[in-house]
Amino acid sequence: MKFLKSFFLTLKGWLSKRQIPHSPVVAVSDNEQLARYIFSKSHFSRQSNRVKAEAYMPNRGQVSVFRIDGLTESAIWGIGDYIALKRERTLYGRGDTTANQVRNAGLDISSDEPPPRHANLIGWPENDKGRHKLIALQIAAVATLVLKE
(Lines give C-alpha, C1' and ligand atoms only; values in the text may rest on other atoms or scores of the structure.)
Protein backbone atom coordinates (compact mmCIF):
# COMPACT_ATOMS: atom_id res chain seq x y z
CA MET A 1 0.00 0.00 0.00
CA LYS A 2 2.87 2.38 0.77
CA PHE A 3 4.30 1.68 -2.67
CA LEU A 4 1.02 2.63 -4.37
CA LYS A 5 0.68 5.82 -2.37
CA SER A 6 4.27 6.76 -3.17
CA PHE A 7 3.76 5.92 -6.85
CA PHE A 8 0.61 8.05 -7.16
CA LEU A 9 2.17 10.98 -5.30
CA THR A 10 5.17 10.83 -7.64
CA LEU A 11 2.89 10.62 -10.68
CA LYS A 12 0.74 13.48 -9.42
CA GLY A 13 3.84 15.63 -8.92
CA TRP A 14 5.11 14.82 -12.40
CA LEU A 15 1.78 15.57 -14.05
CA SER A 16 1.27 18.82 -12.15
CA LYS A 17 4.63 20.07 -13.49
CA ARG A 18 3.75 19.29 -17.11
CA GLN A 19 3.04 22.34 -19.17
CA ILE A 20 -0.26 22.26 -21.00
CA PRO A 21 -0.34 25.11 -23.53
CA HIS A 22 -3.00 27.68 -22.79
CA SER A 23 -5.63 28.44 -25.39
CA PRO A 24 -4.45 31.23 -27.65
CA VAL A 25 -7.74 33.18 -27.52
CA VAL A 26 -10.70 33.34 -25.19
CA ALA A 27 -13.42 33.14 -27.86
CA VAL A 28 -14.09 29.62 -29.13
CA SER A 29 -14.24 29.52 -32.95
CA ASP A 30 -16.81 27.36 -34.75
CA ASN A 31 -14.27 24.92 -36.21
CA GLU A 32 -12.40 24.45 -32.92
CA GLN A 33 -12.06 20.85 -31.70
CA LEU A 34 -13.43 19.98 -28.25
CA ALA A 35 -12.82 16.86 -26.17
CA ARG A 36 -15.21 15.51 -23.55
CA TYR A 37 -13.22 13.08 -21.39
CA ILE A 38 -15.12 9.91 -20.45
CA PHE A 39 -14.69 8.45 -16.97
CA SER A 40 -17.65 6.05 -16.94
CA LYS A 41 -18.15 2.83 -18.91
CA SER A 42 -21.83 3.67 -19.20
CA HIS A 43 -21.02 6.78 -21.25
CA PHE A 44 -19.84 4.95 -24.37
CA SER A 45 -20.35 1.76 -26.36
CA ARG A 46 -17.39 -0.25 -27.63
CA GLN A 47 -19.67 -2.43 -29.76
CA SER A 48 -21.19 0.45 -31.72
CA ASN A 49 -18.09 2.67 -31.31
CA ARG A 50 -20.08 5.67 -30.13
CA VAL A 51 -20.40 8.15 -27.32
CA LYS A 52 -23.69 7.91 -25.42
CA ALA A 53 -25.83 10.91 -24.55
CA GLU A 54 -25.11 10.44 -20.84
CA ALA A 55 -21.57 11.70 -21.47
CA TYR A 56 -23.02 15.09 -22.42
CA MET A 57 -25.70 15.48 -19.74
CA PRO A 58 -25.19 18.74 -17.81
CA ASN A 59 -24.14 18.95 -14.19
CA ARG A 60 -25.16 22.23 -12.56
CA GLY A 61 -26.09 23.69 -15.94
CA GLN A 62 -22.90 22.93 -17.83
CA VAL A 63 -20.69 20.24 -19.32
CA SER A 64 -16.91 20.33 -19.01
CA VAL A 65 -14.82 20.03 -22.19
CA PHE A 66 -11.28 20.82 -23.28
CA ARG A 67 -10.11 22.80 -26.29
CA ILE A 68 -7.70 20.50 -28.14
CA ASP A 69 -6.81 22.38 -31.34
CA GLY A 70 -3.10 22.32 -32.10
CA LEU A 71 -2.28 19.58 -29.58
CA THR A 72 -0.69 16.22 -30.31
CA GLU A 73 -2.55 13.04 -29.35
CA SER A 74 -0.06 12.63 -26.52
CA ALA A 75 -0.84 16.10 -25.15
CA ILE A 76 -4.60 15.54 -25.50
CA TRP A 77 -4.36 12.30 -23.49
CA GLY A 78 -2.02 14.04 -21.03
CA ILE A 79 -4.80 16.47 -20.13
CA GLY A 80 -7.25 13.59 -19.65
CA ASP A 81 -4.75 11.64 -17.54
CA TYR A 82 -4.19 14.69 -15.35
CA ILE A 83 -7.94 15.19 -14.82
CA ALA A 84 -8.39 11.46 -14.11
CA LEU A 85 -5.65 11.60 -11.50
CA LYS A 86 -7.14 14.68 -9.83
CA ARG A 87 -10.59 13.06 -9.73
CA GLU A 88 -9.22 9.63 -8.81
CA ARG A 89 -11.14 8.13 -11.74
CA THR A 90 -10.29 5.86 -14.66
CA LEU A 91 -10.07 7.53 -18.07
CA TYR A 92 -11.71 5.32 -20.72
CA GLY A 93 -11.82 7.63 -23.69
CA ARG A 94 -13.11 10.89 -25.01
CA GLY A 95 -15.80 12.27 -27.28
CA ASP A 96 -14.47 14.70 -29.89
CA THR A 97 -16.73 17.34 -31.44
CA THR A 98 -16.41 20.78 -32.92
CA ALA A 99 -17.75 23.97 -31.41
CA ASN A 100 -20.03 24.32 -34.44
CA GLN A 101 -21.63 20.94 -33.73
CA VAL A 102 -22.32 22.04 -30.14
CA ARG A 103 -23.77 25.34 -31.33
CA ASN A 104 -25.98 23.52 -33.85
CA ALA A 105 -27.52 21.71 -30.87
CA GLY A 106 -28.47 25.09 -29.34
CA LEU A 107 -25.63 25.51 -26.83
CA ASP A 108 -22.59 27.75 -26.60
CA ILE A 109 -19.05 27.26 -25.33
CA SER A 110 -17.49 29.41 -22.65
CA SER A 111 -13.75 29.37 -21.96
CA ASP A 112 -13.23 28.60 -18.25
CA GLU A 113 -9.55 28.42 -17.31
CA PRO A 114 -7.99 27.12 -15.08
CA PRO A 115 -7.15 24.38 -15.84
CA PRO A 116 -5.57 25.37 -19.15
CA ARG A 117 -7.77 24.85 -22.22
CA HIS A 118 -10.88 24.13 -20.12
CA ALA A 119 -14.29 25.29 -21.33
CA ASN A 120 -17.94 24.60 -20.54
CA LEU A 121 -20.92 23.82 -22.74
CA ILE A 122 -23.48 26.37 -21.57
CA GLY A 123 -26.99 27.55 -22.39
CA TRP A 124 -28.88 24.47 -21.25
CA PRO A 125 -32.62 25.03 -20.70
CA GLU A 126 -33.38 25.43 -17.01
CA ASN A 127 -35.13 22.59 -15.19
CA ASP A 128 -35.95 20.60 -18.32
CA LYS A 129 -34.31 17.17 -18.22
CA GLY A 130 -36.19 16.06 -21.31
CA ARG A 131 -34.68 18.87 -23.39
CA HIS A 132 -31.27 18.21 -21.79
CA LYS A 133 -31.48 14.62 -23.00
CA LEU A 134 -32.46 15.68 -26.54
CA ILE A 135 -29.54 18.12 -26.75
CA ALA A 136 -27.13 15.54 -25.31
CA LEU A 137 -28.39 13.02 -27.90
CA GLN A 138 -27.75 15.52 -30.71
CA ILE A 139 -24.18 16.14 -29.58
CA ALA A 140 -23.44 12.46 -28.93
CA ALA A 141 -24.72 11.59 -32.41
CA VAL A 142 -22.00 13.71 -34.04
CA ALA A 143 -19.23 13.03 -31.49
CA THR A 144 -16.33 10.81 -32.44
CA LEU A 145 -15.42 8.20 -29.80
CA VAL A 146 -11.68 7.91 -29.21
CA LEU A 147 -10.82 5.12 -26.76
CA LYS A 148 -7.78 5.14 -24.53
CA GLU A 149 -5.34 2.44 -25.54
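Colleague: Where is Asp81 found?

Modeller: Asp81 is found in helix H2. Helices here are DSSP runs of H or I with at least four residues, strands are E runs of at least two, and both are numbered from the N terminus.

Colleague: Is Asp81 buried, exposed or partly exposed?

Modeller: Asp81 counts as partly exposed because its relative accessibility is 28%. Buried means under 20% relative accessible area, exposed means over 50%, and partly exposed is in between, with a 1.4 Å probe and protein chains only.

Colleague: How far apart are Asp81 and Leu91?

Modeller: They are 10 residues apart in sequence. In space, the distance from C-alpha to C-alpha is 6.7 Å.

Colleague: Before we go on, what are the ground rules?

Modeller: This is a predicted model, where local features need pLDDT of at least 70, side-chain atom pairs count only at pLDDT 80 or more, and totals for chains, interfaces and linings use all residues. Residues are numbered from 1 along each chain as its sequence is written, and side-chain values use heavy atoms, with hydrogens and water left out.

Colleague: Fine. How many helices and strands does the chain have?

Modeller: Four helices and eight strands. Along the sequence the pattern reads α-β-β-β-β-α-β-α-β-β-α-β. Of the 149 residues in the chain, 42% are buried.

Colleague: What is the strand order in the open sheet?

Modeller: The six strands run S6-S7-S4-S1-S5-S8, with antiparallel pairing. The edge strands are S6 (108-111) and S8 (144-147), and each pairs on one side only. On average, neighbouring strands are turned by 35 degrees against each other, direction ignored. Pairing needs at least two bridges found by DSSP between the strands.

Colleague: What packs on the sheet?

Modeller: Helix H2 (residues 73-87) does, touching S1, S4, strand S5 (93-98) and S8. The direction of H2 makes about 120 degrees with that of S5. Axes are lines fitted to C-alpha atoms, for helices over the stretch in contact, and angles run from 0 to 180 degrees between N-to-C directions. Contact means heavy atoms within 4.5 Å.

Colleague: Tell me about S1. How many bridges does it share with S5?

Modeller: S1 and S5 pair in the antiparallel sense over six bridges. In that pairing, Tyr37 stands opposite Arg94 in S5. S1 (residues 33-38) also pairs with S4 (residues 63-67), antiparallel, over two bridges. There, Ala35 has Phe66 in S4 as its bridge partner.

Colleague: And why is S1 largely enclosed?

Modeller: Five of its six residues are buried, so the rest of the structure largely encloses S1.

Colleague: Switching to cores. Which residues have the most contacts inside the largest nonpolar core?

Modeller: Leu34, Val51, Tyr56, Leu107, Ile109, Leu121 and Ile139, in a core of 25 residues. Elements giving two or more residues are S1, S4, helix H3 (99-104), strand S7 (118-122) and helix H4 (129-142). H4 gives the most, with four residues. A nonpolar core is a set of buried Ala, Val, Leu, Ile, Met, Phe, Trp, Tyr and Cys residues joined through side-chain atoms within 4.5 Å.

Colleague: What does Leu121 touch?

Modeller: Not counting residues up to four places away in sequence, its contacts include Leu34, Tyr56, Val102, Leu107 and Ile139. A second, separate core has 13 residues, including Phe39, Trp77, Tyr82 and Ile83.

Colleague: Now pockets. How much space lies in the largest one?

Modeller: About 420 Å³. It is lined by 18 residues, with Arg36, Asn59, Gln62, Ser64 and Arg87 nearest its centre. S1 gives the largest share of the lining, three residues.

Colleague: What counts as a pocket or a cavity?

Modeller: Both are sets of points on a 1 Å grid over the protein atoms alone. In a cavity, a 1.4 Å probe fits but cannot get out; a pocket is an open set with protein on both sides within 12 Å along at least five of seven lines. Lining residues have an atom within 4 Å of a point. Points are joined across faces, edges and corners, and a volume is the space filled by probe spheres set on them.
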